[in-house]
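Subject: Structure handover

Hello,

Here is the structure for your files. Please open it alongside this note; what I found comes below.

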Amino acid sequence: MDFGQILESWEKKNRKYPDKDRENIPPGTAAALNTGMLRKMKPQAVVDLHGYTSREAEDMLWNFLEESRRKGLVKVQIIHGKGLHSSEGGVLIKVVDKVLRNCPFAGMTGTPDNRNGGSGSRWVILK
């Protein structure tokens, strides 16, 4: 048995939530989930920053993250766009990067696949 098979077997035995894509994971359970589950689960809330100024987007994002944490959400998604229509490039991407760098309860982040927003969005695991 190779390592991958051993790990898969262990995860099946120790899985607290049988459906890896389950959306209704109880609040505050991020620590109980394995990394693979967190990456695969769908975001529990989404914020779209399109059309906002940098300052408005920053305020909106902080409020969204704080409210999501208060609600006990585990995974959220931020839609920032790709910056294709801006002469300065991806302005909102920079805002999102700055907020996530400074947010003490923002954990692992990643880019969803293309059908779920691709490089125009980011998912975040809340601590």
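**Salt bridges**

At 73% relative accessibility, Arg 115 counts as exposed. Buried here means under 20% relative accessible area, exposed over 50%, and partly exposed in between (1.4 Å probe, protein chains only). Asp 113 is partly exposed, at 36%. The side chains of Arg 115 and Asp 113 form a salt bridge, 3.2 Å from N to O. A salt bridge requires a side-chain nitrogen of Lys or Arg within 4 Å of a carboxyl oxygen of Asp or Glu. Salt bridges with shared partners also link Arg 55, Glu 58, Asp 59 and Lys 98 into one network. By this rule the count comes to six salt bridges.

Before going on, two notes on the basis. This is a predicted model: local features need pLDDT of at least 70, side-chain atom pairs count only at pLDDT 80 or more, and totals for chains, interfaces and linings use all residues. Residues are numbered from 1 along each chain as its sequence is written, and side-chain values use heavy atoms, with hydrogens and water left out.

Arg 55 bridges to Glu 58 at 3.6 Å, N to O. Arg 55 also bridges to Asp 59, at 3.0 Å, N to O. Arg 55 and Glu 58 both sit in helix H3, three residues apart, about one turn of the helix. Asp 59 and Arg 55 are four residues apart in H3, again about one helical turn. An α-helix has 3.6 residues a turn, so residues three or four places apart point the same way.

**Helix H4**

Helices (H or I, at least four residues) and strands (E, at least two) are DSSP runs, numbered from the N terminus. H4 covers residues 91-102, twelve residues.

Which residues of H4 are buried? They are Leu 92, Val 95, Val 96, Val 99 and Leu 100. Seen down the axis of H4, they fall within an arc of 125°, so they line one face of the helix. The arc is taken from the directions from the helix axis to the C-beta atoms. On the other side of H4, Lys 94 and Arg 101 are exposed. The buried residues pack against helix H3 (54-70) and strands S2 (75-79), S3 (106-110) and S4 (121-126).

**Strand S4**

Arg 122 lies in strand S4. Arg 122 counts as buried, at 13% relative accessibility. Its side chain makes a polar contact with the side chain of Asp 97, at 2.8 Å. A polar contact is a pair of N or O atoms within 3.5 Å; within protein, one must be able to donate a hydrogen and the other to accept it, and residues adjacent in sequence count only if both atoms are side-chain atoms. Beyond four places in sequence, Arg 122 is in contact with residues including Ile 93, Val 96 and Leu 100. Contact means heavy atoms within 4.5 Å.

Ser 121 is also in S4. Ser 121 is buried, at 1%. The side chain of Ser 121 makes a polar contact with that of Gln 77, at 3.0 Å.

Regards

Technical notes. Expected span 1.5 Å × (residues − 1).
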